[in-house]
Amino acid sequence: MKPLRRGNAFLLAIVWLPLLCGAPAEHKDSCVECHTALEGNLGKPAAVFSQDVHARDGFSCSDCHGGDRNTDDPEASMSRARGFIGKPARTAIPKLCARCHSDATLIHRFKPQQRVDQLAQYQTSVHGKRLAAGDGAVATCIDCHSVHDIREVRDALSPVHPLRLPETCARCHADARHMAPYKIETNQFEQYRTSVHWEALAKRGDLSAPSCASCHGNHGAAPPQVASVANVCGTCHVLFEELYNKSPHQPVFSAMGTGGCTVCHGNHGIKQPSLAMLSGSGAVCAQCHDATSKGGATAAQMAALLGRLQEALAKSDEVLNRAHSDGMEVSEAQMRQLEGREALVKARVAVHAFQTAAVEQPANQGLAIAAETLRAGQSALEERNHRRRGLALSLITILITMGGLWLAIRNLEAKPEAAPKSARR
Ligand code: HEC
Ligand code: HEC
Ligand code: HEC
Ligand code: HEC
Ligand code: HEC
Ligand code: HEC
Ligand code: HEC
Ligand code: HEC
Ligand code: HEC
């Protein structure tokens, strides 16, 4: 009997210990219990729910679906009388989520700084407006965030994480069948993946580069700081926008209703800019200005200046590298060369004034630096040649001396033999 009693005491301890320690008593959750045992679409929500941010915060099925989780009787548990809504209609989802997410008191209990304007913003977007009109093909909250395994947005596995978002949007926007009723392109994803932005974001891990929502906004029609998506570039590329806004293009492009920067750079497939944009058969300027016009002439002059600077810096680089690899001290000129590169960057920004004089100033500065570093490199190479000539001369002197010595030694060795030579005969 003794061992059994000890067992009883042990069991009692297990049951009471958590209560004694003040841990909350486990609520019954018949929804999870029963649905975990079900298959397919009925079982999956319960199977993945442990990864959901709502489960982490203590919410469960009935907080979205209603019903009573304290009874095992499916009829009672899922009765409309107890608020059960079943599977919500697509058009009802934003309001379902917003019941909590627009409630600042509730949300701030869990995250004090969290925004509570997702629904309000969403209703201003094309998605939100079309859904309100009954179109279920647009994105609702769960198409971007998923459902039953909703993660924190900063979680790398969240479908709205910047690196995953393009694929999330592409599920609809790259699907020609899904988008067929609407007269818009389905190439955004494909083009974006070839862009300087995706390259910076995905290949260099630069999280300041834009993903789809950085330009289009998370929930609203456009990010809050811009009037339209077409003006979004300047929020990051500030200097470019300042010059562009003062340029002759700004008023005409804006009257034409085209986005400023995107006229020349495009929107989704932005490429690394180069001189080819200014001159040659594919030049963007040539689309609107012929070569004889003021615009055409300006393009040619800017291309010439940038081309000369690029070439001059490359030539200095080549000479300095040669001197350096031959062991000459050129670090000062190499440091100065960095300032030349900076002048090139400035000249490329200055292009956006679309005036030759604006590019001339940094370009000339850069050209002066390149000329200086070229001279430094060349004199280092001359110094090297001079040293080489000196070295060659001393080598020759040493060789001649050694040759002379060798002859002298040979003579010394030969002399004692000379006498007996005749004697031998
Ligand atoms: C004893 C088992 C059992 C319990 C308890 C239970 N369910 Fe169900 N649930 C089912 C079965 C079986 C179905 C599919 C048949 C049906 O629709 O009645 C279902 C269907 C559903 C559906 C899909 C309905 C639709 O319209 O497609 C949802 C949502 C759901 N349950 C949520 C809940 C929630 C929330 C709870 C707890 C409040 C709960 N269930 C409790 C067994 C259960
Ligand atoms: C954050 C809110 C939320 C929570 C929590 C939640 N659901 Fe759902 N559930 C939804 C939404 C929204 C849908 C509609 C999905 C759709 O339209 O594809 C849904 C759909 C379902 C369906 C129908 C699936 C289908 O494809 O027919 C079932 C069954 C279901 N939920 C069960 C559960 C169970 C069980 C739990 C708890 C483990 C749970 N849900 C927790 C929001 C929630
Ligand atoms: C078109 C896709 C999309 C839709 C639709 C969408 N979201 Fe979001 N949501 C995002 C993105 C993108 C983020 C930001 C991710 C980040 O910060 O990196 C986000 C962030 C959030 C956040 C974190 C706080 C914040 O505002 O940054 C919450 C909460 C949220 N969404 C809830 C909702 C709710 C509720 C709905 C429906 C009313 C909804 N979302 C609809 C894409 C979407
Ligand atoms: C019963 C209340 C409730 C409902 C309904 C609800 N949520 Fe939440 N949700 C919360 C709370 C509380 C948090 C934790 C606070 C936070 O992180 O913003 C949260 C967190 C989130 C987060 C993580 C935000 C972050 O911090 O990164 C997302 C995304 C989210 N919910 C989306 C949804 C979506 C989509 C729906 C509808 C399908 C939904 N929620 C329905 C209460 C709710
Ligand atoms: C569930 C499918 C779906 C998802 C996911 C989705 N969209 Fe949409 N989106 C649509 C549909 C359908 C339209 C309506 C097209 C129209 O009216 O021209 C639309 C419209 C748009 C528009 C307006 C197009 C116009 O007419 O000018 C933009 C911009 C947009 N979506 C961006 C996004 C971004 C960015 C994401 C990801 C964060 C995304 N969408 C995710 C289906 C989706
Ligand atoms: C660098 C900013 C930027 C990024 C990143 C971006 N877009 Fe856009 N997107 C734009 C601009 C600008 C427009 C043109 C809008 C206008 O003229 O009002 C546009 C237009 C659209 C449209 C309307 C149809 C069209 O092609 O004109 C859709 C849909 C769209 N983008 C989806 C996406 C998706 C999906 C992604 C991510 C794969 C994405 N965008 C990434 C800036 C961006
Ligand atoms: C969210 C911030 C952000 C937005 C919005 C944005 N960009 Fe960028 N952009 C970047 C970052 C970061 C890089 C990578 C910088 C680098 O490579 O030095 C970049 C690179 C570029 C480059 C290549 C420059 C280079 O030196 O390699 C061009 C051109 C460009 N963006 C144009 C645009 C245009 C046009 C738009 C609007 C349609 C735009 N960007 C919107 C952040 C942004
Ligand atoms: C009228 C055509 C035009 C417009 C409009 C325009 N750009 Fe450019 N942009 C160019 C040209 C040409 C270059 C390339 C100069 C070179 O590399 O030789 C360039 C280069 C750039 C670069 C790369 C600079 C570098 O260091 O390589 C960025 C970034 C850029 N532009 C951003 C913008 C932004 C942001 C806007 C809008 C505020 C804008 N551009 C408007 C023609 C334009
Ligand atoms: C989409 C058409 C378009 C493109 C592309 C374009 N421009 Fe223009 N540009 C105009 C218009 C329209 C004006 C104002 C009318 C005018 O003066 O010709 C203008 C004005 C100018 C002016 C002032 C002309 C004057 O008479 O004062 C210069 C300089 C100029 N552009 C240079 C460029 C350069 C350089 C590029 C390429 C980087 C370029 N433009 C690309 C349409 C364009």
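# Notebook: domains, ligand shells and a helix pair

I began with the domains: the centres of domain 1 and domain 2, taken over C-alpha atoms, are 41 Å apart. Domain 1 covers residues 161–272 and domain 2 covers 294–412 of the protein chain; such bounds come from an automatic or database domain assignment. I then looked up the contact, where contact means heavy atoms within 4.5 Å. Eight residues of domain 1 and six residues of domain 2 take part in the contact.

I noted that this is a predicted model, in which local features need pLDDT of at least 70 and side-chain atom pairs count only at pLDDT 80 or more, while totals for chains, interfaces and linings use all residues. Residues are numbered from 1 along each chain as its sequence is written, chains are lettered from A and ligands numbered from 1 in the order in which they are written, and side-chain values use heavy atoms, with hydrogens and water left out.

**Ligand 1**

Histidine 35 has a polar side-chain atom 2.8 Å from a nitrogen atom of ligand 1. A polar backbone atom of lysine 87 is 3.3 Å from an oxygen atom of ligand 1. Helices here are DSSP runs (H or I, at least four residues), as strands are (E, at least two), numbered from the N terminus. I sorted the shell by type, with Ala, Val, Leu, Ile, Met, Phe, Trp, Tyr, Cys and Pro as nonpolar, Asp, Glu, Lys and Arg as charged, and the others, Gly among them, as polar.

**Ligand 4**

I counted 21 residues around ligand 4, the closest being His54, Cys97, Cys100, His101 and Lys111. A nitrogen atom of ligand 4 lies 2.8 Å from a polar side-chain atom of histidine 101. Lysine 111 has a side-chain N or O atom 2.6 Å from an oxygen atom of ligand 4. The backbone also takes part, with a polar backbone atom of valine 153 at 2.8 Å from an oxygen atom of ligand 4. Two or more residues of the shell around ligand 4 come from each of helix H4 (53–56), H5, helix H7 (93–101), helix H8 (104–110) and helix H11 (141–145). H7 gives the most to this shell, with four residues. By type I found 12 nonpolar, four polar and five charged residues around ligand 4.

**Ligand 6**

Of the 15 residues around ligand 6, the nearest are Gln188, Cys212, Cys215, His216 and His268. An N or O atom in the side chain of glutamine 188 is 2.9 Å from an oxygen atom of ligand 6. Histidine 216 has a polar side-chain atom 2.8 Å from a nitrogen atom of ligand 6, and histidine 268 has a polar side-chain atom 2.8 Å from a nitrogen atom of ligand 6. Helix H12 (165–173), helix H14 (188–192) and helix H16 (212–216) each supply at least two residues of the shell. I found seven nonpolar, eight polar and no charged residues in the shell around ligand 6.

**Two loop residues**

I checked the loop between H11 and H12, where serine 146 is placed. Phi of serine 146 is near 70°, a positive value in a residue other than glycine. Phenylalanine 354 lies in the loop between H21 and helix H22 (356–424). Phenylalanine 354 is not a glycine either, yet has a positive phi of about 55°.

Methods:
Polar contact = N/O pair within 3.5 Å; in protein donor to acceptor, adjacent residues only side chain to side chain. Near = heavy atom within 4 Å.
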